[in-house]
Amino acid sequence: MIINHPLLGPRDAQEFVYLGDASLIGRPDGMTEGAVDAFHDYLYLRDNPAGEHRELWYHEQGDRSWLVVTRNTVTHEVVSVEIARDVARKMGRSK
Amino acid sequence: MTQIRRISGGRIDRSKTLNFTFDGKAYSGHPGDTLASALLANGVQLMGRSFKYHRPRGPIASGSEEPNALVELRNGARQEPNTRATVAELFEGLEAKSQNRWPSLSFDAMSINDRLSSFLTAGFYYKTFMWPASLWEKLYEPLIRHAAGLGSLSKQDDPDSYDKGFLHCDLLVIGAGPSGLAAALTAGRAGARVILADEDFTFGGRLNAETLAIGSDSGADWAVKTAAELVTLPNVRLMSRTTILGAFDHGIYSAVERVSDHLAVPMDGKPRQILWRIYSKRAILTAGAIERPIAFENNDRPGIMLAGALRAYANRWGVAVGDRLAVFTNNDDGVRSALDLQAKGINVEALIDTRANAATVNGLRHIRGGEVVNSSGRLGLTSITVRMANGGTDIIPVNALGVSGGWNPNLNIASHQRGRPVWDDAIAAFVPGADGPAGLSAAGAASGAFSTHAALQTGTMEAVKALAALGIAAKPIEIPKAEDAPVSITPIWYVRSGKGRAWIDQQNDVTVKDVKLAHQENFRSVEHLKRYTTLGMATDQGKTSNILGLAIMAELTGKPIPDTGTTIYRPPYTPVAMGALGGRSRGEHFKPTRLTPSHKWATEQGAIFVEVGMWLRTQWVPKPGETTWRQSVDREVSATRQSVGICDVTTLGKIDIQGTDAGLFLDRVYANTFSTLGFGKVRYGLMLREDGIVMDDGTTARLGEHEYVMTTTTANAVPVFRHLEYCRQVLWPDLDVQLISTTEAWAQYSVAGPNARKLLEKLVDQDISNEAFPYMACGEISVCGGLRARLFRISFSGELAYEIAVPTRYGDAMIRALVEAGQEFDAVVYGTEALGVMRVEKGHVAGNELNGQSTALNMGLGKMVSKKKDSIGMVLSQREGLNQDDGLRLVGVKPVDPSKLLTAGSHFIAHGKSTVAAHDDGWLTSVVFSPNLGHSIALGYLKNGSARLGERIRTINLLAKTEVEVEIVSPHFIDPEGERLRA
């Protein structure tokens with residue numbers, strides 16, 4: 001597999017470590033009411049689509065970027081690759 | 001022995017003779033021969049015994065699809081089983097042996113199986129060895145294992161080396177026949193980066209086995225000329241002896257190059273084979289086609305071959321497999337085989353053509369509408385029985401028969417990503433479908449374009465198309481004149497005659513009857529057919545047999561072939577040696593080895609090392625006279641507790657954390673608080689996973705307002721760093737915090753024991769008195785008159801202790817300086833065993849307790865999880881299920897009888913309870929012998945443990961067969977008040 005790193009160009013998937021669903025970016029606030037339920041859903045409820053899936057990959061043998069890779073789970077086609085920090089900021093995450 | 005079957009012509013070098021042996025008998029051949037062609041030239045047709053029935057077998061093919069002629073090559077450590085004689089290049093001194101026979105190839109005692117064949121049909125194992133189950137392990141499995149398998153291993157280390165390599169190209173061309181050469185030439189001339197790979201040792205593919213002309217040259221000469229031009233192009237890499245094994249995602253292909261298989265011993269510095277990973281932008285499959293047989297009774301005798309193989313042996317290798325031949329065909333290519341063989345001066349006794357309406361062939365006995373219904377001959381073919389169109393039969397004495405049931409495009413690679421082949425009625429064969437690997441197209445015979453002209457034409461055009469997709473304009477080569485005969489075939493899969501066995505898959509002894517039985521027993525899908533009959537398994541993966549079996553099943557079910565299903569292939573295309581897959585990663589190079597800065601010193605001291613992840617750490621350092629490890633470890637522990645000990649702790653992960661938000665960041669990733677830590681202070685930190693389980697622990701020091709140094713456990717250094725980057729980039733992208741791993745930048749030593757300060761005072765330039773540098777202090781200091789260093793007053797052993805870090809390049813000098821300075825205190829250097837003993841004595845958790853299943857509460861550290869701030873794992877650590885009163889708690893354990901030794905992994909079972917899982921109260925995580933207490937001690941997780949101090953309970957280990965009564969005590973065996981470490 002090849003992942004087209006936004007900064008470094010095409011890199012072999014062996015350089016990366018896979019984490020999982022990119023929905024992990026949306027971590028709930030632990031100090032709010034009902035945090036246990038929110039964290040339960042956040043941590044344990046995942047979609048398992050046959051098709052496009054957004055997922056977090058880490059370029060461990062490279063520049064240490066966390067990436068959001070959109071991959072088709074049926075064909076393994078990599079549809080897009082984004083810097084996870086940019087995605088997180090777009091989702092409103094900050095400090 | 002003379003080469004009695006050698007005839008004129010062929011692409012072998014007759015000026016040189018190569019001597020070789022087969023089953024101890026001497027033969028000769030020529031450069032350009034394969035083992036099979038050379039044996040056939042010497043009149044040897046019998047090369048092996050079949051897997052199940054031990055039937056005598058010879059080769060049926062001339063290439064890598066060969067199911068029968070599997071031999072053992074070489075001897076000693078280089079002995080290599082199950083090598084196909086048809087692709088083994090002959091070299092001087094080659095030793096080959098037949099397999100699966102005893103005592104000899106011509107007389108094989110196990111051929112008794114052949115007489116028992118009515119019992120050994122499809123599904124035999126499933127039906128016979130099912131009952132009683134108790135006999136499986138003792139009787140059936142050993143019996144089957146003994147009978148199974150073909151070759152044997154040398155059981156010695158492989159003396160050769162294997163490499164791995166990486167290649168990149170615009171266009172990968174798989175197969176160097178006419179279409180592959182045309183494609184490579186088209187792309188090469190256009191300047192594209194091209195790799196042309198072929199499993200053969202020479203380029204040209206079938207052109208070398210044919211008499212067909214291309215332009216004014218013979219096909220073989222055209223191949224030589226084309227390859228010669230390609231060699232001059234710097235953008236083209238020609239790879240002979242290279243098999244493309246598989247197609248993977250995104251244009252990646254694997255290949256094995258047999259660099260030295262054709263030599264007795266690899267040349268100096270050369271590997272035996274190279275496993276290549278090829279990154280291609282586009283690829284063209286030009287792997288040709290594989291002929292398929294027609295099944296008839298006793299069609300497996302040595303001498304009966306695929307017609308195209310018979311033709312190849314004659315044309316390419318100058319070998320007449322027999323001196324009286326016949327050809328059995330259902331298509332025009334079989335007719336070509338008969339004519340080619342006759343043109344070579346071989347007696348073609350008959351051309352048996354199943355097509356009653358076939359155009360008459362003059363000059364030989366053309367039996368139209370006939371079928372071969374049987375054969376005779378004990379160890380080789382002596383005659384065939386032919387049924388004429390009028391129903392009469394004729395027995396024709398022949399010693400070789402070519403069979404052609406048509407050709408199957410070699411689409412193997414195109415189906416590696418579940419690409420489904422599609423049926424083409426015009427050629428009565430499957431061709432690659434449109435759903436093959438992205439970027440791969442097929443040309444030539446592999447795409448069903450069988451004529452030479454069509455091969456050249458499609459190869460050229462597919463190359464133009466592939467390059468156009470990459471934005472490279474390529475001009476098609478001028479297609480030379482070549483034959484363009486249409487395919488004429490009337491499919492027939494097996495001859496309906498006789499009660500005997502007609503073989504489909506000769507490697508696995510699968511017959512037409514077996515397919516019928518599978519059908520009768522409702523194993524009708526292609527996948528079931530394969531598993532039930534073993535059709536298409538083993539080294540050849542059914543390259544000559546799968547379609548035949550499928551077509552017969554289609555007939556039995558009354559459905560057309562495409563509706564019956566298709567078989568698809570998986571990598572590897574041909575068997576690969578484990579050595580090639582392993583490459584250099586074997587023995588001590590299986591994984592990288594990381595050495596600490598004191599390694600050289602420790603080696604000089606005769607230290608015993610232990611693998612900790614990739615690191616080698618000193619486990620203990622034996623002194624003269626010590627005969628057991630315990631003696632060394634007990635001495636190291638005692639000396640440390642009595643005076644001072646030194647230990648290399650470089651392997652612990654070190655992460656520098658800086659930025660204005662560094663404190664906030666640490667509060668988020670640690671369960672406890674770090675933003676309040678004073679400058680020049682160290683704190684123990686507990687890191688949770690988001691699910692509330694403990695991930696790692698360690699100390700973190702605050703060197704300045706915005707500067708921290710975190711330590712992790714050795715095992716988790718990499719995962720923790722990854723996790724911190726995740727938190728920093730993904731969860732809180734705007735925190736001002738920077739990370740860098742400094743594990744390898746600092747050599748770090750623990751100095752522990754009552755005399756630790758006195759020892760360090762000799763080396764440290766600053767005041768480190770208890771007042772100036774109290775417990776849990778840290779700071780940037782200098783040693784030995786100015787070398788920058790970091791000092792941390794932390795203790796894992798429970799003693800007065802420091803960790804001192806110097807830049808790695810001074811690590812060797814530092815250990816020597818510490819040992820020298822320690823001489824007056826009788827300082828010891830201790831290893832990981834003594835470290836473990838002292839941390840258990842002190843009740844500190846380590847890897848055995850941080851087992852990925854335990855919470856802070858389990859470890860007795862529940863109060864460390866601050867609920868005043870949000871941190872990773874804080875919320876879910878409060879889940880009800882993790883907070884039960886009877887949950888596991890860390891306890892200390894000592895035997896009631898101090899002379900008893902505890903066993904790690906033993907489970908707690910209360911007195912009077914039976915030893916079953918329902919009564920399991922927890923287990924011993926860490927067990928050591930404490931030289932200070934004089935008995936075995938342990939840490940363990942016990943249900944409701946903190947309320948059970950003083951209780952007596954049994955620890956039972958059913959594997960070690962031990963049972964010891966113990967008392968539950970506090971995990972702090974030594975200095976529970978912590979007076980020593982504050983001294």
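**View 1. Tyr279(B) sits in strand S15 of chain B.** The strand spans residues 273-285. This is a predicted model. Setting aside neighbours within four places in sequence, Tyr279(B) contacts His168(B), Gly251(B) and Ile252(B). Ser254(B) is 25 residues away along the chain, yet the two C-alpha atoms are 8.9 Å apart.

**View 2. Five strands of chain B form an open sheet.** What is the order of the strands? The order is S36-S37-S38-S35-S39, with antiparallel pairing. Strands S36 (681-688) and S39 (738-741) stand at the edges. Each has a single partner strand, so one side of each lacks a neighbour in the sheet. From one strand to the next, the twist averages 25°. Strands of a sheet pair through backbone hydrogen bonds, either parallel or antiparallel.

**View 3. Strand S35 of chain B pairs with S39(B).** Strand S35 covers residues 653-658. The two strands pair in the antiparallel sense, over four bridges. Look for Gln658(B): opposite it, in S39(B), stands Gln738(B).

**View 4. Helices H17 and H18 of chain B lie across strands of the sheet.** Which strands does helix H17 (residues 662-669) lie across? Helix H17 lies across S35, S36, S37 (694-704) and S38 (707-712) of chain B. Its direction is about 135° to S35(B). Helix H18 (residues 717-731) lies across S35, S36, S37, S38 and S39 of chain B. Helix H18 runs at about 20° to S35(B).

**View 5. Leu401(B) belongs to the largest nonpolar core.** This core has 165 residues. Which of them touch the most other members? They are Leu171(B), Ala295(B) and Leu401(B). In soluble globular proteins, nonpolar side chains tend to be buried together.

**View 6. Chain A meets chain B.** Here 25 residues of chain A contact 20 residues of chain B. Which elements of chain A give two or more residues to this side? They are helix H1 (35-44), strand S4 (52-58) and helix H2 (84-90). The chain A side divides into 14 nonpolar, three polar and eight charged residues.

Terms used:
Residues numbered from 1 in each chain as written. Chains lettered and ligands numbered in written order. Predicted model: local features only at pLDDT ≥ 70, side-chain atom pairs only at ≥ 80, totals over all residues. Contact = placed C-beta atoms within 7 Å. Nonpolar A, V, L, I, M, F, W, Y, C, P; charged D, E, K, R; others polar. Core = buried A, V, L, I, M, F, W, Y, C linked by C-beta atoms within 7 Å. Buried ≥ 20, exposed ≤ 12 C-beta atoms within 10 Å, placed from the backbone. Pairing = 2+ DSSP bridges. Axes fitted to C-alpha atoms, helices over the stretch in contact; angles between N-to-C directions.
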